[in-house]
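Below is a short note for a colleague who is about to look through the model. Please read the points with the structure open.

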Amino acid sequence: MCADRPKHPTLKATFAERAKSASHPLTNYLMRLMELKQSNLCLSADVTSARELLHMADKVGPSIVILKTHYDILAGWDYNPQTGTGAKLQSLARKHGFLIFEDRKFGDIGHTVQMQYTAGSARVIDWAHIVNVNMVPGKAAVQALAEAAAKWRSRVNYEVKTSVSENGAEENEDNGHLGTREMPAPGPYQRDNDGRKGSIVSITTVTQSFEPVDSPRFGSRIDEGDELVYAGIEEPPYERGLLILAQMSSTGNFMNEEYTQACVEAAREHKDFVMGFVSQESLNSAPTDSFIHMTPGCQLPPDGEEENGTVEGDGLGQNYNTPAKLVGLCGTDVIIVGRGIIKAGDPQAEAARYRDRAWAAYQKRISQ
Ligand code: S5P
């Protein structure tokens with residue numbers, strides 16, 4: 001299943017060693033977190049409601065280093081930037097020590113992916129440390145996302161202050177991101193005798209300005225769990241990271257070797273934003289490559305049958321391999337597990353089992 005590639009030095013190095021040479025601050029952080037939690041497990045929380053997602057994140061949080069979401073499959077996602085589902089996830093991430101990876105697979109022209117990433121009701125960039133891109137439209141999508149993230153980063157230490165005033169709003173100035181915006185809002189109208197809308201008699205002005213803040217803007221303290229912060233490591237850096245979807249786990253996908261290599265080239269061109277890949281194997285090949293690899297399509301045979309058990313696909317194109325194969329043989333770093341954990345009778349215990357097996361495979365790999 002994985003290509004017979006020359007062994008790259010990153011396959012033998014510990015995550016602590018690789019953290020030091022990581023070109024992306026979030027990769028450095030993640031690798032230190034992995035060593036601290038002794039976990040290279042990402043939960044793909046493909047449940048059906050935002051409520052279940054938060055419940056699952058809280059239960060499984062201690063075993064994982066990344067929580068992967070598909071926000072658009074969840075019923076009841078609350079879009080409020082301060083108190084909604086994204087903010088609550090951020091809170092759980094701080095409590096348990098994990099990063100959030102929105103598996104959005106952006107795949108459009110640069111301008112559109114920028115808007116999908118930073119705007120709209122979900123405002124993915126505000127709560128997801130990591131996102132991924134499906135590079136079919138070309139490298140420009142990577143460049144565009146990198147620019148959007150850099151712009152977002154440049155204003156992250158500022159918070160929006162909103163004030164409202166009545167009348168006298170002469171100016172309507174827009175100084176850009178760090179300036180002041182004034183938007184006339186509908187004010188009271190005088191009615192004609194027959195009840196039709198007449199002339200405007202007052203103007204309400206909503207003023208939004210960005211002010212510097214010392215505390216993290218996106219670590220909103222929103223519920224009782226907020227006081228808890230995972231000990232032993234600082235909070236993650238503000239930098240956002242990208243994974244390029246370079247290989248897929250599904251039967252008959254169209255990502256051939258040439259395509260995968262184009263993904264690797266794009267990653268090398270944007271090392272300050274691209275952390276690595278969603279792939280089926282390690283793609284580090286140049287001496288200076290230090291990318292991280294995350295791999296879905298992972299399941300374990302039932303407990304007690306691991307020695308001789310096999311894992312079938314899901315009947316819808318998904319293929320599964322064990323952590324031993326993916327981490328040990330194919331050299332991936334993080335396993336991504338969805339239904340193997342969330343459909344288990346005891347997801348918490350099952351997550352611990354996957355964590356143990358994936359970590360053991362990593363330890364075996366670096367010791368060989
Ligand atoms: O090649 C891929 C890439 C991804 S991101 N194959 C995948 O399965 N995924 C995602 O990983 C998929 O969208 C799903 O969220 C998860 C696998 O879920 P599982 O239930 O099959 O473990």
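1. Basis. The model is predicted, with local features requiring pLDDT of at least 70 and side-chain atom pairs counted only at pLDDT 80 or more, while totals for chains, interfaces and linings use all residues. Residues are numbered from 1 along each chain as its sequence is written, and side-chain values use heavy atoms, with hydrogens and water left out.

2. Ligand shell. There are 16 residues around the ligand, and those that come nearest are D46, K68, S249, Y320 and R339. By class, the shell holds five nonpolar, six polar and five charged residues. Here Ala, Val, Leu, Ile, Met, Phe, Trp, Tyr, Cys and Pro count as nonpolar, Asp, Glu, Lys and Arg as charged, and the others, Gly among them, as polar.

3. A polar side-chain atom of D46 is 2.7 Å from a ligand oxygen. For R339, the distance from a side-chain N or O atom to an oxygen of the ligand is 2.7 Å. For K105, the corresponding distance is 3.5 Å. On its own the ligand has 490 Å² of accessible area, of which the protein covers 90%. Accessible areas come from the Shrake-Rupley method with a 1.4 Å probe; for residues, only the protein chains shown count as cover.

4. Positive phi. K105 has a phi of about 45°, a positive value, and is not a glycine. K105 belongs to strand β3, residues 99-106. Helices (H or I, at least four residues) and strands (E, at least two) are DSSP runs, numbered from the N terminus. K105 is partly exposed at 28% relative accessible area. The scale is: buried under 20%, exposed over 50%, partly exposed in between (1.4 Å probe, protein chains only). Q38, also not a glycine, has a positive phi near 50°. Q38 sits in the loop between α2 (25-37) and β1 (41-44), and Q38 is partly exposed, with a relative accessible area of 42%.

5. The whole structure contains 19 salt bridges, each defined as a side-chain nitrogen of Lys or Arg within 4 Å of a carboxyl oxygen of Asp or Glu. K68 and D103 form one of them, with the closest N and O atoms 2.6 Å apart. This pair links distant parts of the chain, K68 in strand β2 (residues 66-69) and D103 in strand β3, 35 residues apart. K68 is buried at 5% relative accessibility, and D103 is buried at 8%.

6. Salt bridges of E306. Which residues does the network of salt bridges link? It links D303, E306, E350, R353 and R357. E306 and R353 meet at 2.5 Å, N to O. E306 lies in the loop between β12 (292-295) and α9 (323-329) and R353 in helix α11 (residues 347-367), so the pair ties together parts that are 47 residues apart in sequence. E306 also bridges to R357, with the closest N and O atoms 2.8 Å apart. R357 is in helix α11 too, 51 residues from E306. E306 is partly exposed at 24% relative accessibility, R353 is buried at 6%, and R357 is partly exposed at 29%.

7. Helix α11. The 21 residues of α11 should span 30 Å at 1.5 Å a residue, and the end C-alpha atoms are 30 Å apart, in agreement. The expected span is 1.5 Å times one less than the number of residues. Buried residues of α11 include E350, R353, Y354, W359 and R365.

8. Helix α4. This helix (residues 85-96) has 12 residues and reaches 16 Å from first to last C-alpha, close to the 16 Å expected. In α4, 10 of the 12 residues are buried, so the helix is largely enclosed by the rest of the structure. Among the buried ones are L89, Q90, R94 and H96.

9. C330. This cysteine is in the loop between α9 and β13 (334-337) and is buried at 6% relative accessibility.

Key. A residue is near a molecule or strand if one of its heavy atoms lies within 4 Å of it. A polar contact is a pair of N or O atoms within 3.5 Å; within protein, one must be able to donate a hydrogen and the other to accept it, and residues adjacent in sequence count only if both atoms are side-chain atoms.
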